[in-house]
Amino acid sequence: MSRITSIEEYHKEYKRSVENPEAFWAEQAEQFVWKKKWDKVLDWNFNEPDIKWFVGGKLNITENCLDRHLSERGNQTAIIWEPNNPNESGRKISYKELHSEVCRFSNVLKNNGAKKGDRICIYMPMIPELAIAVLACARIGAIHSVVFGGFSFQSLSDRIHDADCNIVITADGGFRGAKDIALKSVVDEALKTCPSVKKVIVTKRTNCEVIMQNERDVWWHDEIKKVTDDCSPEMMDSEDKLFILYTSGSTGKPKGVVHTCGGYMVYTQYTFENVFQYKKGEIYWCTADIGWITGHSYLVYGPLLSGGTTLMFEGIPTFPDAGRFWQVIDKHQVNIFYTAPTAIRSLEALGLDFVKPYKLNSLRVLGSVGEPINEEAWHWYDENIGKKKCPIADTWWQTETGGIMISPLAGITKTIPGFATLPLPGIQPVLLDEKGNELVGNSVEGRLCMKFPWPGIIRTTYNNHARCYDAYFSQFKGYYFTGDGCRRDENGYYRITGRVDDVIKVSGHLLGTAEVENAINQHPDVVESAVVGFPHDIKGWGIYAYVILEHERKDTDELKKEIIASVNKYMGAIAKPDKIQIVSGLPKTRSGKIMRRILRKVAEGDFSNLGDTSTLLDPAVVEEIKAGAI
Ligand code: WTA
């Protein structure tokens, strides 16, 4: 794998990757272990879409994450696990041990009926068994679908249904800060409506009481005793599905984004090594949960493919106090630290007293991901955490892109706060105007699209290929549309300006407004609702809900609590509305379309420039909404 070491080299590599993408990516792919080499590097069209990388190649990604490192670094730590409670001892798992544990759990899966192509849902806390479960699925060729442990039973059930999973892997419970969450009981509730699930494998973490259903539920620790650690990797085609990961869209239920084995493997390792400039032996820490794409690509696959040491943290940044991240960095001498702007802003707000006790002198590179990082947070991160010595990689990418797309190469690309800077080699971004014309040159702003595939690109949305086309390839013919607005400045640097569709990035989590509305509408007194985002100091964006009731309720505070409970139940706490305004109507056009633009403005507290409201069915509702704004 070629690692770029200077900005001149970056420009050279970039040029080469655009002029001859196939030769460029073939070269990156050479260094992996392939059971059979590909016949053709790339086959593609964005019209269906139909995208294939390393066509005809055979491999197993876990052989590349584990087996190939054993001779050289079998005793090196692969995973450092830091528990929620700093007084509990953590774990260091070497490559040899990880290989053995993954093989054993692969055999457990097989013993429980799993086979190549099956979909397996993983709903677990951030414990080593989660990474082991992910890798074991990949080893036997089962498609993993990890669902973030903060999602409610309804969200879990929807995802299990959509992917038609036959096995669920979970834990009795999980610790997060001062709380513990009873995961197995959420699974039990979800499975009441999921007849496809035949087995539930449960690992012990909190020792809380669980009800084990005969025949269906088995304990991880019992099953693991029945197997050996001998399990050869299943031979997979480059384009066999590796995993499904659900992400929100502007309409309907979440989409099951599908990534495949060969391209994803090549792309995650290439981007990991180049963006972070990872050097052998360094300790790398990505704070994302494995339930999100960042955890998949840059906690598990990228670092392990590179033979790195990846730190996995079970807890939250503020437990037992707001110095926890910094304590962990000093404790494990972390060299590369990758987190989200929301975490940075929330820790900044709690003050420097939590940072001061720590040296942080092991740090070499900082990363940011998931949402735009505002200048103030960027400087705070740079000065107080990086001590002005660590380059910050502001990495722009998406669940659908598989890996980082636009980002500085740490220490190589000159950074500007708020800019994701330049596209990585192989990435061809374009900015389009509303009509789909390419905006050429610099100092332009438009919709961010990609005009050429890269190995990590989404292949389909599970079980519904038409939806993949509709969501990403239909708006602008011949392009992949990201859903983001973006500016290219006078130097050709990219600055992401935010979403241009009906999804909101709340604390770095992508939420569809339609999904949140659906959860609110489950409350029996709610007739209709409309959800928009508003700028929030810590979370980036907050959730503002306008709600129409069936009949008046005097106990507004109680009602709001019930609505929040409904969102908790049908989606999860991450979608909790920050503000709820009860209204008698919504601003709708005569054709019944909600004018979200007006709702957004009011939610932002900006009552000027509401635009022409005369075309509304009932212009009076705008006055009412303005008067009642929170
Ligand atoms: C946003 C997360 C600005 C963007 C990896 C994108 C960002 C969405 C950045 C994808 C960044 C991600 N600067 N915005 N550095 N990184 N985003 O699928 O709106 O959870 O489309 O993937 O996050 O979110 P997702």
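Predicted model: local features only at pLDDT ≥ 70, side-chain atom pairs only at ≥ 80, totals over all residues.
**Entry 1, the ligand.** I began with the residues around the ligand and found 16 of them, with Asp394, Thr399, Asp484, Arg499 and Lys505 coming nearest. I then looked up individual polar distances for three of these side chains. For Asp394, I noted that a side-chain N or O atom is 2.7 Å from a nitrogen atom of the ligand. For Asp484, a polar side-chain atom lies 2.5 Å from an oxygen atom of the ligand, and for Lys505 I read 2.8 Å between a side-chain N or O atom and an oxygen atom of the ligand. Turning to cover, I found that the ligand has 520 Å² of accessible area on its own, and that the protein covers 95% of this area. I also asked which elements give two or more residues to the shell, and these are α11 (293-305), β20 (392-395) and β25 (494-499). Sorted by class, the shell residues come out as 6 nonpolar, 5 polar and 5 charged.

I wrote down a volume of about 320 Å³ for the second largest pocket. Its lining consists of 18 residues, and those closest to the centre are Tyr14, Pro423, Pro429, Arg488 and Tyr494. Two elements, α1 (7-19) and β21 (429-432), each give two or more residues to this lining, and the largest share, 4 residues, comes from α1. I counted the lining by class as 11 nonpolar, 4 polar and 3 charged residues.

I searched for cavities of 30 Å³ or more and found 1 in the structure; the space in the largest cavity is about 110 Å³. I listed 13 lining residues, with Met124, Pro125, Gly149, Arg176 and Ile181 nearest the centre of the cavity. Strand β9 (residues 174-176) provides the largest share of this lining, with 3 residues. The class count for the cavity lining is 7 nonpolar, 3 polar and 3 charged residues.

Lys184 and Asp217 form a salt bridge in which the closest N and O atoms are 2.8 Å apart. I checked where the two partners sit: Lys184 belongs to helix α8 (residues 183-191) and Asp217 to strand β12 (residues 217-219), so that I recorded the pair as a link between distant parts of the chain, 33 residues apart.

Technical notes:
Residues numbered from 1 in each chain as written. Heavy atoms only, no water. 1 Å grid on protein atoms, 1.4 Å probe; cavity = no way out; pocket = protein on both sides within 12 Å on 5 of 7 lines; lining within 4 Å. Points joined across faces, edges and corners; volume = space filled by probe spheres on them. Nonpolar A, V, L, I, M, F, W, Y, C, P; charged D, E, K, R; others polar. Near = heavy atom within 4 Å. Polar contact = N/O pair within 3.5 Å; in protein donor to acceptor, adjacent residues only side chain to side chain. Areas by Shrake-Rupley, 256 points an atom, 1.4 Å probe, with all protein chains shown as cover. Salt bridge = Lys/Arg side-chain N within 4 Å of Asp/Glu carboxyl O.
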